[in-house]
Amino acid sequence: MRAVVYEGPNDIRLEDVPEPVVQDPEDAVVRVTTASICGSDTHIVHGLLPKMEPGRIIGHEFCGVVHEVGGAVGRFKPGDRVVGAAAVWCGRCRACRRGLYSACERGATFGHGPLLGDLPGAQADYVRVPFADNTLQHVTAPDDRIIFAGDILPTGYSAVAGLSPGGRGVREGDHVVVFGLGPVGLCSVASAKLFRPAKIIAVGNRAERLALAERLGADVTIDAAGTEDVRKAVRQHTDGWGADYIVEAVGKEESLENAIRVAAPGGVVAVVGAFQAPIKINAPRMQARNVTVAMGMGDLGAMPKLVKVIEDGELDVSPVVTHRMSLDDVIRAYEIFDKRLEGAVKILLTT
Ligand SMILES: [Zn+2]
Ligand SMILES: [Zn+2]
């Protein structure tokens, strides 16, 4: 079968590799119909993921059709259409019992090499899926509407629903700000609408992404590149009170500082931007104004709910798809995605 294989920094290739088989009774093998390229894939391609080794298949966003199941898989049979989670979890360990699936003791992320469980990725014709009853969800909606339910959407959604089990999410009537309009930030904008906020303010610096944010439900957009004082602009749109709920989806110290500084008294800053190193944080401001900063990984346990709201027509993040390409053109697809050519936001690879 074809698979996108990491061969070293800035060297990926479409190679012919053996098809995966069921190795454990809880495994399924899925024939991938659509895979997507994620920002963390380009991070890997650039050689920035520790312990990554040549020969590993990458990719962790996929939908497809169940091809084969192990004897302990109860929810799926060959022929079922499914969407997969980016990572797998056992459902039985201490972390899983507390709903913290991203911390599963037996967890692994597709296509992230030995650092994260050495699970072959999904940018391929077939992928082996451990703990299939947890990892997969049945779907009826088309691939381009459903594929993000396994990765960027749970992250963007968790950022507005509460980042840890029982955490405070957006409440009805909140003024919400989203800093950063990459795919995750855009998913937060779309998801925030489900919580009936008073206003959603999207802050980004690319015209096409600001337009996308508007299409996905932002009431106000602020172009950070063309605005002298972003914090002042946010305050003006929140009647001087500040924002009740802020999503930080950039992953930079300056952006988190802005998020804390625009927070209203009692406000919450939910951080899903990917930080690469320790940073300074404005503790005095947080303390003086009872501002909470929550950080974390997306909750993949939200997948069943997300599949349902997508299929009920309440949520549609498919406008983030800017390119549909064949898996055979994957090298060019990575170049377009990485350099953000042609206004690329999300690229789907079809098999
Ligand atoms: Zn991803
Ligand atoms: Zn577990």
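1. Let's start with Phe131, which counts as buried because it has 25 C-beta neighbours inside 10 Å; a residue is buried if 20 or more other C-beta atoms, placed from the backbone, lie within 10 Å of its own, exposed if 12 or fewer, and partly exposed in between. This is a predicted model, in which local features need pLDDT of at least 70, side-chain atom pairs count only at pLDDT 80 or more, and totals for chains, interfaces and linings use all residues. Residues are numbered from 1 along each chain as its sequence is written, while chains are lettered from A and ligands numbered from 1 in the order in which they are written.

2. Look for Phe131 in the loop between strand 9 (126–129) and helix 3 (132–135). Helices (H or I, at least four residues) and strands (E, at least two) are DSSP runs, numbered from the N terminus. Most residues other than glycine have a negative phi. Phe131, although not a glycine, has a positive phi of about 45°.

3. Now try Glu342, in the loop between helix 12 (330–338) and strand 18 (346–350). Its phi is positive too, near 55°, and Glu342 is not a glycine. Is Glu342 buried or exposed? Glu342 is exposed, with 11 other C-beta atoms within 10 Å.

4. Finally, find helix 8 (residues 230–237) and helix 9 (residues 253–262), which pack at an angle of about 35° with their axes 10 Å apart. Axes here are lines fitted to C-alpha atoms, for helices over the stretch in contact, and angles run from 0 to 180 degrees between N-to-C directions.
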